Amino acid sequence: MTRPVPLALGCVADDYTGASDLANTLTKAGLRTVQTIGIPADDLALGEADAVVVALKSRSIEPGRAVALSRAADAWLRGRGARHVMFKVCSTFDSTDRGNIGPVLDALRADAGEAVALVTPAFPETGRSVYQGHLFVGAVPLDESPLKDHPLNPMRDSNLVRVLARQSAAPVGLVDVATVARGADAVRARLEALAAEGVGAAIADAIFDADLEILGHAALAHRVSCGASGLGLGLARALASPGAPDPAADVLAEPVGGLSACLAGSCSRATLEQIAAAESLMPVLRLDPERLIGRADGVDAAIAWAGEHLGQGPVLIASSADPEAVRALQARHGVEAAGHAIEGALARLAAALVERGVRRLVVAGGETSGAVVDHLGLRAFRVGPEIAAGVPVLRTASAEPMLLALKSGNFGGRDFFARALDLMR
Ligand SMILES: Nc1ncnc2c1ncn2[C@@H]1O[C@H](COP(=O)(O)OP(=O)(O)O)[C@@H](O)[C@H]1O
Ligand SMILES: O=C(O)[C@@H](O)C(=O)COP(=O)(O)O
């Protein structure tokens, strides 16, 4: 039996949309990338892959469980020859004081035998930049952005050195923009100096892609790093062979046919605008969340509604609501109970849609996508062309293939749903 080619890069992502965002970036930079859902079976045939992104649903679960899953994913990737593993977190650093970024990174760093790990959620293409350790979303600090109202992890502090320190065992330091501007050797030297002071993680400033290229080179001197797609870009550019053929080219070569539908559980501002824009293009059903929590009649009614419309073209079904309505619902049912119940309802709805012939499915929301993909039992995707920054078309590797788009709540322009459906044929 021939031995598989060692992976150039391994990645552990803390949610499914985040994983496909990273897989998109790696693919665009020329790495042949496979996204798996959960830790793959030992004998998964990867084909010709340079990178594997293992998608976990570990962002908002109990920290001990997130650590265990991430360590197992890391061990699988190391077993496939990955020398460097990047832990993919959200570009808006979604987490709470309990974690899970700090506890997972502490564990992966200890397993890798590293004293310090470089951390940056910067992703300039989507407006995320880090300056003096403060995360900006577009022109505003994180704590003034819509992320301050996230249903599961409201982000109320833009100073990431402070945010990560609250959830890490070791002190957290800073690699500032002036050091990054001096190049990869200066960044490596700064990391060594921080490690000598006992610092376990270093937030690195990055404003432009060029900064991330420097950080990617510097990070490869270590066995583990942590960041969002921007760091993936830096790592991929440092690893990809120049002039490699486009790895996304053949994913849409064969149409999958079938019906198409969109589901939205994201309450992010971008998604709310995209749903409003879709209303002039396709039938939109706005779910009453009270009928999804502890009851099944909301899902049954939505399935019946979809049955009437699906034959005529795509439909969109959304539980999404504005921050005030989200807070009111959470006050009545609890944050986690409300979130999980709605995710579960949308997942059951997705399964019913697939049963009725949907083969092209767009899902908005990270946790929502996780619930849907799990419920559908999908295990691995090939990564196709980009719909919008951070969102590729995914193709299942199954005998009866499906096309999916898993959209992070914050991503995409107003016309996202139309663009996705146009590409997914
Ligand atoms: N109307 C609603 N009220 C409260 N929570 C909701 C509502 N609709 C969806 N949710 C929950 O909000 C969370 C949105 O998270 P997610 O799907 O990750 O979206 P995003 O990518 O925007 O963060 C999910 O847990 C979802 O079930
Ligand atoms: O890095 C990002 O912003 C995304 O890849 C991501 O992880 C977003 O998370 P969700 O909004 O929960 O999809």
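The views below show a predicted model.

**View 1. Helix H1 and the shell around ligand 2.** Helix H1 covers residues 16-28 and gives the most to the shell around ligand 2, with 3 residues. There are 15 residues around this ligand, and those that come nearest are Thr-17, Asp-21, Arg-59, Lys-88 and Ser-91. By type, the shell around ligand 2 consists of 4 nonpolar, 7 polar and 4 charged residues. The ligand sits in the largest pocket.

View 2. Ligand 2 exposes 350 Å² when taken alone, and the protein buries 96% of that.

**View 3. The shell around ligand 1.** Around ligand 1 there are 20 residues, of which His-150, Ser-266, Ser-268, Glu-343 and Thr-368 come nearest. Three helices each supply at least two residues of this shell: helix H11 (323-333), helix H12 (335-355) and helix H13 (366-376). The shell residues divide into 8 nonpolar, 10 polar and 2 charged. Ligand 1 sits in the largest pocket.

**View 4. Polar contacts of ligand 1.** Which part of Ser-266 lies 2.7 Å from an oxygen atom of ligand 1? It is a polar atom of the Ser-266 side chain. With Gly-339, a backbone N or O atom lies 2.9 Å from an oxygen atom of the ligand. Gly-366 also has a backbone N or O atom 2.9 Å from an oxygen atom of ligand 1. On its own, ligand 1 has 570 Å² of accessible area, and the protein covers 96% of this.

**View 5. An aromatic pair, Phe-123 and Phe-411.** The structure holds 2 aromatic pairs. In the pair shown here, the rings of Phe-123 and Phe-411 are 6.4 Å apart, centre to centre, with 65° between their planes. The pair is edge-to-face because planes over 60 degrees apart are counted that way. Phe-123 lies in the loop between strand E5 (117-120) and strand E6 (128-131). Phe-411 lies in the loop between strand E18 (403-407) and helix H14 (416-423). The two residues are 288 residues apart, and the pair links distant parts of the chain.

**View 6. Backbone geometry in the loop between strand E4 and helix H3.** Most residues other than glycine have a negative phi, and most peptide bonds are trans. Phe-93 lies in the loop between E4 and H3. The phi of Phe-93 is near 55°, a positive value in a residue other than glycine. Asn-100 is found in the loop between strand E4 (85-88) and helix H3 (101-112). The peptide bond that joins Gly-99 and Asn-100 is cis, with omega about 10°.

Methods
Residues numbered from 1 in each chain as written. Chains lettered and ligands numbered in written order. Predicted model: local features only at pLDDT ≥ 70, side-chain atom pairs only at ≥ 80, totals over all residues. Heavy atoms only, no water. Near = heavy atom within 4 Å. Areas by Shrake-Rupley, 256 points an atom, 1.4 Å probe, with all protein chains shown as cover. 1 Å grid on protein atoms, 1.4 Å probe; cavity = no way out; pocket = protein on both sides within 12 Å on 5 of 7 lines; lining within 4 Å. Sits in = over half its atoms within 2 Å of the grid points. Helix = DSSP H or I, 4+ residues; strand = E, 2+ residues; numbered from the N terminus. Nonpolar A, V, L, I, M, F, W, Y, C, P; charged D, E, K, R; others polar. Phe/Tyr/Trp six-rings, centres within 6.5 Å; stacked < 30°, edge-to-face > 60°. Polar contact = N/O pair within 3.5 Å; in protein donor to acceptor, adjacent residues only side chain to side chain.
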